[in-house]
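Please consult the sequence and the model alongside the text.

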Amino acid sequence: MNASLTPRRTTHVRRNEHAPLKRLAAAALSLGLASATAMGADIKAPKGTYKNDPLHSSLTFKIDHMGLSHYTARFTKFNATLDFDPAKLANSSVTVSVDPTSVRTDYSGDFKAAQKDSPYKTFDEQIARDNKFLNADKFSTVTFKSTKVVQTGEALKITGDLSFLGVTKPVTLTGSVVGSLDKHPFLGKGVVGFSATGIVKRSDWGMIGTQSFLGDDVTIIFEGEFDQQ
């Protein structure tokens, strides 16, 4: 019989089918730990108490306007205090206080002509003081106090209590360290820059009555530098 036609016995070698998954999981874990370590190693600002530099900080928000655009405004007066631990960012905490009367929309129209019966002089004043909006006459401050910080690689999950319109509820922001120096070139002290963003539903804090033309979701965006005290 022709040897080439003789049936060959096939030997099956059992392999660990889960080995590739285990190797992938181990690699991902190693990469995550390496990223977290590298992030801590790259932070040059020392441990301590920091306050935001108002000249290099911004607090803006975006809200859907009639499904047409993401209307954007900002607050010009706010203070943030950071208790900073560069070795373990999860030990850090932040407290923010915002003056709602400092809202700025850059509205350039003739407000009084468009709103003849309004008790307010400007659109910014209406947004700040009207009880359908920020209601600053009754609630003069908006505050955020962090309660937990979780670091995953270079990302930070900052959970805290947002007090707004007399209601306090937890929110979670996503943040990151943008950059840092052990000594500011002009101030001679540590400086660290942060970026943070998050989305809240304003109706959860009792801001209702304008959802027919303004969205319920509000995107909050913070960019800023903190100077060591």
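Asp-106 is exposed, at 59% relative accessibility, where exposed means over 50% relative accessible area, buried under 20% and partly exposed in between (1.4 Å probe, protein chains only). The model is predicted: local features need pLDDT of at least 70, side-chain atom pairs count only at pLDDT 80 or more, and totals for chains, interfaces and linings use all residues. Residues are numbered from 1 along each chain as its sequence is written, and side-chain values use heavy atoms, with hydrogens and water left out.

**Charged pairs**

Asp-106 forms a salt bridge with Arg-74, with 2.9 Å between the closest N and O atoms; such a bridge requires a side-chain nitrogen of Lys or Arg within 4 Å of a carboxyl oxygen of Asp or Glu. Because Arg-74 belongs to strand 2 (residues 69–75) and Asp-106 to the loop between strand 5 (103–104) and helix 2 (111–114), the pair ties together parts that are 32 residues apart in sequence. Arg-74 is partly exposed, with a relative accessible area of 31%.

| Salt bridge | N to O distance |
|---|---|
| Arg-74 and Asp-106 | 2.9 Å |
| Glu-125 and Arg-129 | 2.6 Å |
| Asp-137 and Arg-129 | 3.0 Å |

Through shared partners, Glu-125, Arg-129 and Asp-137 are joined into one network. Glu-125 and Arg-129 are 4 residues apart in helix 3 (residues 123–129), and are therefore separated by about one helical turn. Glu-125 is buried at 19% relative accessibility, Arg-129 is partly exposed at 31%, and Asp-137 is exposed at 54%.

**Overall fold**

The protein has 3 helices and 10 strands, defined as DSSP runs (helices H or I, at least four residues; strands E, at least two) numbered from the N terminus. Their order along the sequence is α-β-β-β-β-β-α-α-β-β-β-β-β. Of its 229 residues, 36% count as buried. Among contacts (heavy atoms within 4.5 Å) between residues at least 6 apart in sequence, 56% join residues at least 24 apart.

**Aromatic pairs and core**

There are 8 aromatic pairs in the whole structure; rings of Phe, Tyr and Trp (its six-membered ring) pair if their centres lie within 6.5 Å, and planes under 30 degrees apart count as stacked, over 60 as edge-to-face and the rest as tilted. The pair of Tyr-50 and Phe-84 is edge-to-face because the ring centres are 5.6 Å apart and the planes stand at 85°. Tyr-50 lies in strand 1 (residues 48–65) and Phe-84 in strand 3 (residues 78–84), so this pair ties together parts that are 34 residues apart in sequence. Both residues are buried, Tyr-50 at 0% relative accessibility and Phe-84 at 2%.

Phe-84 also pairs edge-to-face with Phe-194, with centres 6.1 Å apart and planes at 85°. This second pair links strand 3 to strand 9, 110 residues apart. Phe-194 is buried at 12% relative accessibility. Ring pairs extend the cluster to Tyr-50, Phe-78, Phe-84, Phe-194, Phe-222 and Phe-226.

The largest nonpolar core has 41 residues, and Phe-84, Val-192 and Phe-194 have the most contacts inside it; such a core is a set of buried Ala, Val, Leu, Ile, Met, Phe, Trp, Tyr and Cys residues joined through side-chain atoms within 4.5 Å. Leaving aside residues up to four places away in sequence, Val-192 touches residues including Tyr-50, Leu-82, Phe-84, Val-177 and Phe-226.
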